[in-house]
Amino acid sequence: MSDEANAQWSATEIDLIVADYFAMLTGELTGQPSIKARHNAALRDQIGRSKGSIEFKHCNISAVLDELGQPFIRGYLPRFNFQAALVLGVQRYLETQVPIEDIVLNPQNHLMQSAEIFIENQPGHTPAPDVERLPEMQRLITKFDPALRDDRNRRLGRYGEEKVLLSERGRLLRLGRDDLSRRVRWVSQEDGDGAGYDILTFDGRGRERFLEVKTTLGGKRTPFFLTRNEKEFSDDAGDRFRIFRLYDAAKSPRAFMLEPPLERSANLSPQVWKASFT
């Protein structure tokens, strides 16, 4: 890395490059990709930094967004050795602009497709990157908690469940089981949220499978919330239950599944306390 890339960036420079990054990201997510070389050249004219220094800082921004469970520009793979000033710049932007999820989930910006979702291997347990030890980064993660944000976003949840519903119907049709495809149900919409799962589907032999869909715009390792009801249902249903984790939902949804016992696949930690007076 060059001396210039290490040199301290001013708040003005950071605000300019963060705004430029989000302009490119918005275009990419809404089907209007930008020409990165033109953006780089325009920034060089504005701030006097080199092409390589600007590209390196774009990769740093990707790393911050990845830690926040947000989509990032795939052409700028995350580089985690960034400075606290960049974290503060990203925070300034997020506090004043329209959230990325509001742009992505605008019906004008995407089409619901019925393509079967490819199921990948679940992630393994690995140590968190050192970037989380930055106090500024930890405060930003707390302020924009990706699990809480996804959990509260009803449009995102509905979007993911519908994608999985269509995928499951398509999968069974491709298996020649149109009878089972017609029986796939969107339980959380038809019966309400209390069942402990979202989608009733079937394997190729007709055995019931209960899918609890967890959707994020972020990457594979973005955390998610699990309710007590969902956890208890997973224990009762056993191998018929699956967490269907849909990630990278902003552009090209990908997924993996977790099966009970869930403790074997993920670290489960209590997050909610109930206060009572009796």
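A: Start with Lys 220, which is partly exposed at 26% relative accessibility (buried is under 20% relative accessible area, exposed is over 50%, and partly exposed is in between, using a 1.4 Å probe and protein chains only). Before going on, keep in mind that this is a predicted model, where local features need pLDDT of at least 70 and side-chain atom pairs need 80 or more, while totals for chains, interfaces and linings use all residues. Numbering runs from 1 along each chain as its sequence is written, and side-chain values use heavy atoms, leaving out hydrogens and water.

Now for the partner of Lys 220. The side chain pairs with Glu 120 in a salt bridge, and the closest N and O atoms are 3.6 Å apart (a salt bridge is a side-chain nitrogen of Lys or Arg within 4 Å of a carboxyl oxygen of Asp or Glu). Glu 120 sits in strand E1 (residues 119–120), while Lys 220 is in the loop between strand E4 (208–215) and helix H12 (228–237), so the bridge ties together parts that are 100 residues apart in sequence. Helices (H or I, at least four residues) and strands (E, at least two) are DSSP runs, numbered from the N terminus. Glu 120 comes out as buried, at 19% relative accessibility, whereas Lys 220 is partly exposed.

A network of salt bridges links Arg 74, Glu 120, Lys 220, Asp 248 and Arg 254.

Stepping back for a moment, side chains of opposite charge can pair when their charged atoms come close. By the salt-bridge rule, the count here comes to 24, so let's look at a couple of others.

Take Lys 143 and Glu 95, whose side chains meet in a salt bridge of 3.7 Å, N to O. Lys 143 belongs to helix H7 and Glu 95 to helix H5, so parts that are 48 residues apart in sequence get tied together. Both are partly exposed: Lys 143 has a relative accessible area of 48%, and Glu 95 has 43%.

How do those two helices sit against each other? H5 (residues 84–96) and H7 (residues 135–143) pack at an angle of about 20°, with their axes 9 Å apart. That makes the two roughly parallel (under 35 degrees counts as roughly parallel, over 145 as roughly antiparallel, 65 to 115 as roughly perpendicular and the rest as oblique). On the H5 side, the contact is made by Ala 84, Val 87, Leu 88, Gln 91 and Glu 95, and on the H7 side by Glu 136, Met 137, Leu 140 and Lys 143 (contact means heavy atoms within 4.5 Å). Sorted by class, that's five nonpolar, one polar and three charged residues. Ala, Val, Leu, Ile, Met, Phe, Trp, Tyr, Cys and Pro count as nonpolar, Asp, Glu, Lys and Arg as charged, and the others, Gly among them, as polar.

Arg 171 and Glu 168 give you a pairing inside one helix. Their side chains meet at 2.6 Å, N to O. They are three residues apart in helix H9 (residues 154–174), so about one helical turn separates them. Both ends are buried: Arg 171 has 18% relative accessibility, and Glu 168 has a relative accessible area of 5%.

Finally, what surrounds these pairs? The chain's secondary structure comes to twelve helices and six strands. Of its 278 residues, 44% count as buried. If you take contacts between residues at least 6 apart in sequence, 67% of them join residues at least 24 apart. The C-alpha atoms fill a box of roughly 65 × 50 × 30 Å along the principal axes. In the segment after E6 you'll come across Pro 261, which is joined to Pro 260 by a cis peptide bond with omega about -5°. Val 272 is found in the segment after strand E6 (254–258) too, and with 72% relative accessibility this residue counts as exposed.

Technical notes
Axes fitted to C-alpha atoms, helices over the stretch in contact; angles between N-to-C directions.
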